[in-house]
Amino acid sequence: MAAVFLVTLYEYSPLFYIAVVFTCFIVTTGLVLGWFGWDVPVILRNSEETQFSTRTFKKQMRQVKNPFGLEISNPSSASLAAGMTLTADCLEDSRLTCFWGCSVQKLYEALQKHVYCFRISTPQALEEALYSDYLHREQYFIKKHSKEELYCQLPSDTEIDDFGPVPRSRYPLVALLTLADEEDQEIYDIISMVSVIHIPDKTYKLPCRILYQYLLLAQGQFYDLKQLFMSANSSSSPSSRPSPADRSAEQSLLEKAGLAGSDVEPVEESSKDCVVCQNGGVNWVLLPCRHACLCDSCVCYFKQCPMCRQFVQESFALCSQKEPDKDVLEAS
């Protein structure tokens, strides 16, 4: 009998193997899909797909009006020896105080004191927090909406040609903007703005620029003002350049993000259209890469930034979705 069974198995071996493989496939499928009620852990995704399933959180943003605006006029001509020109555009009467050669360590200690000890709402408060650890101080009165150009220069009697090699112990210039009227401090959440400015000297001849900007709130917080990265136009022909109306629309987006007074990329070189559909207006900023490139319709489909492919951890809208609906109703 055994011999007969072995001969029969040999004759029908292809069908036998097919039946065994099919039975194993059915059993494996049942285990994966849970047909048998057994909780069998099965890894079916790679690392990238696992990150794709991560939930993207949408930040609830609160619009805050920034009364201060500061920019560098003609940064290419600025230097430590020749000085520089600043243009302040403030919503209220303000004071611009320039601290030349400010200690790096004392500045960040002063920012911590704003959080835990006292509020830096006046130039005297910052001077006390710095323990007067700077080389020279000059102050200007800024009328609201004046956009007056102010020439600043480190006096020659300080005999400072440069601030040494990196890492430096002093910033070339720290500009503080504060509200001149104390009653205005009760209107705005932001009571002062600190700008750290690099000025080229003999050691480092990099162009003059704003390195950091910190917004100080009356509640004791301070925030680092960051720029947004807008998508660039693919064509440089005159017909593809944005119109003045488009530029004002982009500028309004930056103002709502609190970046109108910072050193951002020129808005005339950016596009307001979504980089995916090329139809909707850019309204969403992706974090941590800070690319503003998606509209309201496309943002829900992306777990990675379409510009840099970095995984999106959070996102926030430049303006609420109700505002475009009002514009459509008014236009109709």
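Helices (H or I, at least four residues) and strands (E, at least two) are DSSP runs here, numbered from the N terminus. The model is predicted, so to speak of local features takes pLDDT of at least 70, side-chain atom pairs count only at pLDDT 80 or more, and totals for chains, interfaces and linings use all residues. Residues are numbered from 1 along each chain as its sequence is written, and side-chain values use heavy atoms, with hydrogens and water left out.

Most residues other than glycine have a negative phi, and most peptide bonds are trans. Here are some exceptions:

| Site | Feature | Value |
|---|---|---|
| Val166 to Pro167 | cis peptide bond | omega near 0° |
| Leu287 to Pro288 | cis peptide bond | omega about 10° |
| Tyr131 | positive phi | about 55° |
| Gln278 | positive phi | about 60° |

Pro167 sits in the loop between strand E6 (148–152) and strand E7 (170–179). Tyr131 is in the loop from helix H5 (123–130) to strand E5 (136–142), and it's exposed at 55% relative accessibility (exposed is over 50% relative accessible area, buried under 20%, partly exposed in between; 1.4 Å probe, protein chains only).

Now for strand E12 (residues 284–287): Trp284 and Leu286 point one way, Val285 and Leu287 the other, and all are buried. E12 pairs antiparallel with E13 (residues 291–294) over three bridges, pairing meaning that DSSP finds at least two bridges between two strands. Trp284 stands opposite Leu294 in E13. The two strands make a hairpin with three residues between them, and Arg290 in the turn has a positive phi of about 65°. Pro288 also belongs to the loop between E12 and E13. E12 pairs with E14 (residues 314–317) too, antiparallel over four bridges, with Leu286 opposite Ser315.
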